[in-house]
Amino acid sequence: MKKLLALPVLLLLAAALYLALTPSPIAPLPWEAPEAPPMTGVLEPNDTLMKAELLARGQIHGPEDTAVDAQGRVYAGLHDGRVVRVLADDSVETFADTGGRPLGMDFDAAGNLILADAYKGLLRIDPQGRIEVLSTEADGLPFAFTDDLDIASDGIIYFSDASSRFQQPDYLLDLLEARPHGRLLSYDPSTGETRVLLDDLYFANGVALSANEDFVLVNETYRYRITRYWLKGERAGQHEVFIDNLPGLPDNLQGDRKGTFWVALPTPRKADADFLHRHPWLKAQLAKLPRALWPKAIPYGFAIALDENGKIVRSLHDTSGTHLRMVTSVKPVGDYLYFGSLDNDRIGKLPLH
(Lines give C-alpha, C1' and ligand atoms only; values in the text may rest on other atoms or scores of the structure.)
Protein backbone atom coordinates (compact mmCIF):
# COMPACT_ATOMS: atom_id res chain seq x y z
CA MET A 1 0.00 0.00 0.00
CA LYS A 2 2.81 2.42 0.87
CA LYS A 3 4.39 1.77 -2.51
CA LEU A 4 1.08 2.51 -4.25
CA LEU A 5 0.72 5.77 -2.35
CA ALA A 6 4.29 6.74 -3.09
CA LEU A 7 3.85 6.47 -6.87
CA PRO A 8 1.55 9.52 -7.31
CA VAL A 9 3.83 11.54 -5.02
CA LEU A 10 6.85 10.62 -7.13
CA LEU A 11 5.00 11.54 -10.30
CA LEU A 12 4.06 14.91 -8.84
CA LEU A 13 7.63 15.54 -7.75
CA ALA A 14 8.92 14.57 -11.20
CA ALA A 15 6.42 16.92 -12.86
CA ALA A 16 7.36 19.76 -10.50
CA LEU A 17 11.06 19.17 -11.18
CA TYR A 18 10.44 19.11 -14.93
CA LEU A 19 8.56 22.42 -14.83
CA ALA A 20 11.19 24.00 -12.58
CA LEU A 21 14.20 22.98 -14.69
CA THR A 22 12.77 23.19 -18.23
CA PRO A 23 13.05 26.61 -19.86
CA SER A 24 9.84 27.94 -21.35
CA PRO A 25 9.76 28.49 -25.13
CA ILE A 26 7.99 31.81 -24.59
CA ALA A 27 8.54 35.06 -22.71
CA PRO A 28 4.91 35.96 -22.02
CA LEU A 29 3.41 39.30 -21.12
CA PRO A 30 0.18 39.90 -19.20
CA TRP A 31 -2.88 41.22 -21.00
CA GLU A 32 -6.29 42.15 -19.63
CA ALA A 33 -8.79 41.04 -22.29
CA PRO A 34 -12.08 42.95 -22.47
CA GLU A 35 -15.21 41.08 -21.48
CA ALA A 36 -16.54 39.15 -24.45
CA PRO A 37 -19.63 40.66 -26.12
CA PRO A 38 -22.91 38.82 -25.52
CA MET A 39 -24.13 36.48 -28.24
CA THR A 40 -27.35 38.39 -28.73
CA GLY A 41 -28.93 40.51 -31.44
CA VAL A 42 -27.05 40.11 -34.70
CA LEU A 43 -24.75 37.59 -32.97
CA GLU A 44 -27.62 35.36 -31.86
CA PRO A 45 -26.62 31.74 -32.56
CA ASN A 46 -28.27 30.13 -35.58
CA ASP A 47 -27.66 27.08 -37.73
CA THR A 48 -27.20 28.79 -41.11
CA LEU A 49 -23.86 27.06 -41.73
CA MET A 50 -25.60 23.69 -41.39
CA LYS A 51 -27.26 24.45 -44.75
CA ALA A 52 -23.94 24.69 -46.62
CA GLU A 53 -23.17 22.25 -49.41
CA LEU A 54 -20.01 20.29 -48.66
CA LEU A 55 -17.38 20.05 -51.42
CA ALA A 56 -14.63 17.40 -51.61
CA ARG A 57 -15.79 15.91 -48.31
CA GLY A 58 -13.37 13.30 -47.00
CA GLN A 59 -10.89 13.90 -49.83
CA ILE A 60 -8.90 16.76 -48.33
CA HIS A 61 -7.35 17.83 -45.03
CA GLY A 62 -7.17 21.40 -43.81
CA PRO A 63 -8.36 23.60 -46.72
CA GLU A 64 -7.44 26.78 -44.81
CA ASP A 65 -8.41 29.16 -47.62
CA THR A 66 -10.07 28.87 -51.01
CA ALA A 67 -10.11 30.65 -54.36
CA VAL A 68 -12.36 30.32 -57.41
CA ASP A 69 -11.04 30.69 -60.97
CA ALA A 70 -12.78 32.18 -64.02
CA GLN A 71 -14.19 28.74 -64.87
CA GLY A 72 -15.81 28.40 -61.45
CA ARG A 73 -13.40 25.76 -60.18
CA VAL A 74 -12.62 25.86 -56.46
CA TYR A 75 -9.00 25.72 -55.22
CA ALA A 76 -7.70 25.10 -51.71
CA GLY A 77 -4.36 24.72 -49.93
CA LEU A 78 -3.90 21.64 -47.75
CA HIS A 79 -1.84 20.49 -44.78
CA ASP A 80 0.46 18.41 -46.98
CA GLY A 81 1.56 21.42 -49.08
CA ARG A 82 -0.63 20.74 -52.08
CA VAL A 83 -2.93 23.21 -53.77
CA VAL A 84 -5.85 21.19 -55.09
CA ARG A 85 -8.64 21.92 -57.54
CA VAL A 86 -12.19 20.64 -57.04
CA LEU A 87 -13.75 19.57 -60.34
CA ALA A 88 -17.40 19.63 -61.42
CA ASP A 89 -17.95 16.00 -60.35
CA ASP A 90 -16.59 16.85 -56.86
CA SER A 91 -13.37 14.92 -57.49
CA VAL A 92 -10.08 16.52 -56.51
CA GLU A 93 -6.87 16.95 -58.51
CA THR A 94 -3.50 18.39 -57.53
CA PHE A 95 -2.84 21.76 -59.15
CA ALA A 96 0.56 22.49 -57.51
CA ASP A 97 2.68 21.45 -54.55
CA THR A 98 4.50 24.20 -52.66
CA GLY A 99 6.29 21.87 -50.26
CA GLY A 100 5.15 24.19 -47.49
CA ARG A 101 1.80 25.12 -45.96
CA PRO A 102 -0.41 27.12 -48.38
CA LEU A 103 -2.70 29.57 -46.58
CA GLY A 104 -4.34 32.74 -48.00
CA MET A 105 -4.87 32.79 -51.77
CA ASP A 106 -6.54 34.72 -54.56
CA PHE A 107 -6.36 35.03 -58.34
CA ASP A 108 -4.81 38.09 -59.98
CA ALA A 109 -6.09 39.74 -63.14
CA ALA A 110 -3.86 37.55 -65.33
CA GLY A 111 -5.25 34.30 -63.88
CA ASN A 112 -2.26 33.53 -61.67
CA LEU A 113 -2.96 32.18 -58.21
CA ILE A 114 -1.23 34.42 -55.66
CA LEU A 115 -0.53 32.47 -52.50
CA ALA A 116 0.72 33.14 -48.98
CA ASP A 117 2.64 30.06 -47.89
CA ALA A 118 3.47 29.87 -44.19
CA TYR A 119 6.98 28.56 -44.92
CA LYS A 120 7.79 29.59 -48.49
CA GLY A 121 6.67 33.23 -48.50
CA LEU A 122 4.60 35.06 -51.08
CA LEU A 123 4.18 32.90 -54.21
CA ARG A 124 2.72 33.18 -57.69
CA ILE A 125 1.42 30.02 -59.42
CA ASP A 126 0.69 30.32 -63.13
CA PRO A 127 -2.25 28.50 -64.80
CA GLN A 128 0.01 25.53 -65.57
CA GLY A 129 0.90 25.12 -61.87
CA ARG A 130 4.42 26.54 -62.10
CA ILE A 131 5.50 28.21 -58.86
CA GLU A 132 7.47 31.47 -58.57
CA VAL A 133 8.65 32.96 -55.27
CA LEU A 134 7.83 36.67 -55.15
CA SER A 135 9.00 37.69 -51.68
CA THR A 136 10.44 36.11 -48.55
CA GLU A 137 11.56 39.09 -46.45
CA ALA A 138 11.14 42.80 -45.82
CA ASP A 139 13.60 45.25 -44.30
CA GLY A 140 16.05 42.39 -43.77
CA LEU A 141 13.64 40.36 -41.62
CA PRO A 142 12.53 37.06 -43.20
CA PHE A 143 8.89 36.04 -43.07
CA ALA A 144 8.30 33.26 -40.56
CA PHE A 145 4.55 32.86 -41.11
CA THR A 146 3.24 34.34 -44.39
CA ASP A 147 -0.51 34.21 -43.87
CA ASP A 148 -3.16 36.04 -45.93
CA LEU A 149 -3.45 38.49 -48.83
CA ASP A 150 -5.61 40.66 -51.04
CA ILE A 151 -4.85 42.07 -54.49
CA ALA A 152 -5.60 45.66 -55.54
CA SER A 153 -6.80 46.66 -59.00
CA ASP A 154 -3.34 48.07 -59.77
CA GLY A 155 -1.79 44.67 -59.04
CA ILE A 156 -0.25 45.51 -55.67
CA ILE A 157 -0.51 42.61 -53.24
CA TYR A 158 -1.25 43.38 -49.60
CA PHE A 159 -0.32 40.53 -47.28
CA SER A 160 0.53 39.58 -43.72
CA ASP A 161 3.39 37.89 -41.90
CA ALA A 162 1.54 36.64 -38.84
CA SER A 163 4.64 36.24 -36.68
CA SER A 164 8.33 36.83 -37.20
CA ARG A 165 9.08 34.60 -34.19
CA PHE A 166 6.82 31.53 -34.38
CA GLN A 167 6.13 29.36 -37.40
CA GLN A 168 2.81 27.74 -38.31
CA PRO A 169 2.91 24.68 -35.99
CA ASP A 170 3.59 27.00 -33.04
CA TYR A 171 0.85 29.58 -33.62
CA LEU A 172 -0.52 28.93 -30.12
CA LEU A 173 2.82 29.90 -28.61
CA ASP A 174 2.36 33.31 -30.21
CA LEU A 175 -1.05 33.50 -28.54
CA LEU A 176 0.41 32.68 -25.12
CA GLU A 177 3.39 35.00 -25.42
CA ALA A 178 1.14 38.02 -26.13
CA ARG A 179 3.86 40.02 -27.85
CA PRO A 180 3.47 41.82 -31.21
CA HIS A 181 5.48 39.87 -33.80
CA GLY A 182 3.24 40.46 -36.84
CA ARG A 183 3.47 42.75 -39.89
CA LEU A 184 1.27 44.07 -42.68
CA LEU A 185 3.16 44.33 -45.98
CA SER A 186 2.74 45.17 -49.63
CA TYR A 187 4.41 43.76 -52.74
CA ASP A 188 4.51 45.60 -56.07
CA PRO A 189 4.91 43.12 -58.97
CA SER A 190 6.01 45.90 -61.31
CA THR A 191 9.07 46.77 -59.20
CA GLY A 192 9.56 43.68 -57.02
CA GLU A 193 9.54 45.92 -53.93
CA THR A 194 8.22 44.66 -50.61
CA ARG A 195 7.25 47.34 -48.09
CA VAL A 196 6.35 47.15 -44.41
CA LEU A 197 3.16 49.13 -43.83
CA LEU A 198 2.62 48.21 -40.17
CA ASP A 199 4.60 46.24 -37.63
CA ASP A 200 4.09 45.35 -33.96
CA LEU A 201 0.81 43.59 -34.72
CA TYR A 202 -0.56 40.83 -32.50
CA PHE A 203 -0.62 37.92 -34.95
CA ALA A 204 -1.30 39.68 -38.25
CA ASN A 205 -3.74 37.42 -40.03
CA GLY A 206 -6.53 38.17 -42.54
CA VAL A 207 -6.08 41.03 -45.04
CA ALA A 208 -8.79 42.76 -47.12
CA LEU A 209 -9.15 45.93 -49.18
CA SER A 210 -12.14 48.26 -49.05
CA ALA A 211 -14.53 48.76 -51.97
CA ASN A 212 -12.70 51.92 -53.10
CA GLU A 213 -9.30 50.54 -52.12
CA ASP A 214 -8.72 53.58 -49.93
CA PHE A 215 -7.91 51.41 -46.92
CA VAL A 216 -6.81 47.89 -46.10
CA LEU A 217 -7.78 45.87 -43.03
CA VAL A 218 -5.64 43.38 -41.13
CA ASN A 219 -6.86 41.05 -38.40
CA GLU A 220 -4.96 40.99 -35.12
CA THR A 221 -6.10 37.55 -34.05
CA TYR A 222 -4.74 37.56 -30.52
CA ARG A 223 -6.20 40.96 -29.63
CA TYR A 224 -9.70 40.08 -30.94
CA ARG A 225 -9.62 43.11 -33.22
CA ILE A 226 -9.18 44.40 -36.77
CA THR A 227 -6.87 47.31 -37.63
CA ARG A 228 -7.38 49.69 -40.54
CA TYR A 229 -4.48 51.15 -42.53
CA TRP A 230 -5.30 54.08 -44.81
CA LEU A 231 -3.88 53.94 -48.34
CA LYS A 232 -5.39 57.11 -49.83
CA GLY A 233 -6.72 60.49 -48.82
CA GLU A 234 -5.79 62.81 -45.97
CA ARG A 235 -5.16 59.93 -43.58
CA ALA A 236 -2.92 57.93 -45.93
CA GLY A 237 -0.24 56.13 -43.90
CA GLN A 238 -2.22 56.33 -40.66
CA HIS A 239 -3.88 53.45 -38.86
CA GLU A 240 -6.54 52.86 -36.22
CA VAL A 241 -8.67 50.13 -34.69
CA PHE A 242 -11.50 49.30 -37.11
CA ILE A 243 -13.42 47.04 -34.70
CA ASP A 244 -12.44 45.81 -31.26
CA ASN A 245 -13.56 43.09 -28.86
CA LEU A 246 -14.76 40.60 -31.46
CA PRO A 247 -16.79 37.57 -30.28
CA GLY A 248 -14.11 35.14 -31.47
CA LEU A 249 -10.55 34.96 -32.75
CA PRO A 250 -10.50 36.49 -36.25
CA ASP A 251 -8.64 34.45 -38.87
CA ASN A 252 -8.91 35.17 -42.60
CA LEU A 253 -10.71 38.23 -43.87
CA GLN A 254 -12.25 38.89 -47.27
CA GLY A 255 -14.02 41.90 -48.77
CA ASP A 256 -16.60 41.61 -51.54
CA ARG A 257 -15.61 45.03 -52.97
CA LYS A 258 -19.20 46.14 -52.42
CA GLY A 259 -18.83 47.33 -48.84
CA THR A 260 -18.98 44.07 -46.89
CA PHE A 261 -16.15 42.23 -45.15
CA TRP A 262 -16.45 38.57 -44.16
CA VAL A 263 -14.51 37.49 -41.07
CA ALA A 264 -13.85 33.84 -40.22
CA LEU A 265 -13.82 33.06 -36.48
CA PRO A 266 -12.34 29.57 -35.90
CA THR A 267 -13.55 29.54 -32.31
CA PRO A 268 -15.71 31.74 -30.11
CA ARG A 269 -14.01 33.47 -27.20
CA LYS A 270 -13.03 31.25 -24.28
CA ALA A 271 -12.94 32.41 -20.67
CA ASP A 272 -9.96 30.18 -19.83
CA ALA A 273 -7.83 31.86 -22.52
CA ASP A 274 -8.71 35.32 -21.20
CA PHE A 275 -7.91 34.14 -17.65
CA LEU A 276 -4.51 32.80 -18.72
CA HIS A 277 -3.60 36.12 -20.33
CA ARG A 278 -3.66 37.76 -16.90
CA HIS A 279 -1.04 35.32 -15.57
CA PRO A 280 2.26 35.22 -17.50
CA TRP A 281 3.81 32.63 -15.16
CA LEU A 282 0.98 30.19 -15.84
CA LYS A 283 1.35 30.74 -19.57
CA ALA A 284 5.08 30.08 -19.36
CA GLN A 285 4.44 26.77 -17.58
CA LEU A 286 1.63 25.74 -19.93
CA ALA A 287 3.92 26.25 -22.92
CA LYS A 288 6.24 23.53 -21.51
CA LEU A 289 3.51 20.90 -21.42
CA PRO A 290 2.46 18.54 -24.24
CA ARG A 291 -0.18 20.12 -26.50
CA ALA A 292 -2.64 17.40 -25.52
CA LEU A 293 -2.87 19.07 -22.10
CA TRP A 294 -3.61 22.55 -23.47
CA PRO A 295 -7.14 24.06 -23.52
CA LYS A 296 -9.00 23.07 -26.66
CA ALA A 297 -10.92 25.19 -29.15
CA ILE A 298 -14.70 24.93 -28.98
CA PRO A 299 -16.09 22.75 -31.81
CA TYR A 300 -18.20 25.43 -33.45
CA GLY A 301 -18.70 27.04 -36.87
CA PHE A 302 -18.69 30.85 -36.82
CA ALA A 303 -18.37 33.76 -39.26
CA ILE A 304 -19.51 37.37 -39.27
CA ALA A 305 -20.03 40.12 -41.84
CA LEU A 306 -19.00 43.75 -41.25
CA ASP A 307 -19.84 46.93 -43.11
CA GLU A 308 -17.20 49.54 -43.95
CA ASN A 309 -17.91 51.36 -40.69
CA GLY A 310 -16.89 48.32 -38.63
CA LYS A 311 -20.46 47.35 -37.68
CA ILE A 312 -21.40 43.66 -37.46
CA VAL A 313 -24.33 43.19 -39.85
CA ARG A 314 -24.70 39.38 -39.97
CA SER A 315 -23.48 36.24 -38.25
CA LEU A 316 -23.43 32.62 -39.43
CA HIS A 317 -23.19 29.69 -37.02
CA ASP A 318 -22.94 25.93 -36.81
CA THR A 319 -23.68 25.46 -33.13
CA SER A 320 -23.13 21.71 -33.36
CA GLY A 321 -19.62 22.03 -34.81
CA THR A 322 -20.32 18.93 -36.90
CA HIS A 323 -20.98 20.36 -40.37
CA LEU A 324 -18.52 23.25 -40.65
CA ARG A 325 -16.23 23.64 -37.64
CA MET A 326 -13.16 25.80 -37.09
CA VAL A 327 -13.93 28.07 -40.05
CA THR A 328 -10.72 29.88 -41.06
CA SER A 329 -11.84 31.62 -44.27
CA VAL A 330 -14.99 32.98 -45.91
CA LYS A 331 -14.65 33.76 -49.62
CA PRO A 332 -17.51 35.66 -51.31
CA VAL A 333 -17.59 34.80 -55.04
CA GLY A 334 -20.66 35.63 -57.12
CA ASP A 335 -23.77 34.45 -55.29
CA TYR A 336 -21.95 32.11 -52.91
CA LEU A 337 -19.74 32.03 -49.85
CA TYR A 338 -16.96 29.42 -49.71
CA PHE A 339 -15.70 28.29 -46.30
CA GLY A 340 -12.25 26.92 -45.51
CA SER A 341 -11.01 25.28 -42.34
CA LEU A 342 -7.61 24.65 -40.78
CA ASP A 343 -8.42 21.07 -39.75
CA ASN A 344 -11.65 19.99 -41.46
CA ASP A 345 -11.96 17.59 -44.41
CA ARG A 346 -14.34 19.67 -46.53
CA ILE A 347 -15.10 23.04 -48.13
CA GLY A 348 -18.43 24.72 -47.46
CA LYS A 349 -20.49 26.42 -50.18
CA LEU A 350 -23.47 28.52 -49.11
CA PRO A 351 -25.79 30.79 -51.16
CA LEU A 352 -25.44 34.39 -50.06
CA HIS A 353 -29.20 34.97 -50.00
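Ala56 lies in the loop between strand S1 (53–55) and S2, where helices (H or I, at least four residues) and strands (E, at least two) are DSSP runs, numbered from the N terminus. The model is predicted, and local features need pLDDT of at least 70, side-chain atom pairs count only at pLDDT 80 or more, while totals for chains, interfaces and linings use all residues. Residues are numbered from 1 along each chain as its sequence is written, and side-chain values use heavy atoms, with hydrogens and water left out.

Although Ala56 is not a glycine, it has a positive phi of about 55 degrees. Ala56 is buried, with a relative accessible area of 0% (buried means under 20% relative accessible area, exposed over 50%, partly exposed in between, with a 1.4 Å probe and protein chains only). Met326, in the loop between strand S23 (312–318) and S24, likewise is not a glycine and has a positive phi, of about 45 degrees; Met326 is buried, with a relative accessible area of 17%.

Strand S2 also belongs to an open sheet of 4 strands, in the order S2-S3-S4-S5 with antiparallel pairing, where two strands pair if DSSP finds at least two bridges between them. The edge strands, each pairing on one side only, are S2 (66–68) and S5 (92–97). Within this sheet, S3 (residues 74–77) and S4 (residues 82–86) run antiparallel and are joined by 4 bridges, and Gly77 has Val83 in S4 as its bridge partner.

The pockets are defined on a 1 Å grid over the protein atoms alone: a pocket is an open set of points where a 1.4 Å probe fits, with protein on both sides within 12 Å along at least five of seven lines, and lining residues have an atom within 4 Å of a point. Grid points are joined across faces, edges and corners, and a volume is the space filled by probe spheres set on the points.

| Pocket | Volume |
|---|---|
| Largest pocket | about 890 Å³ |
| Second largest pocket | about 610 Å³ |
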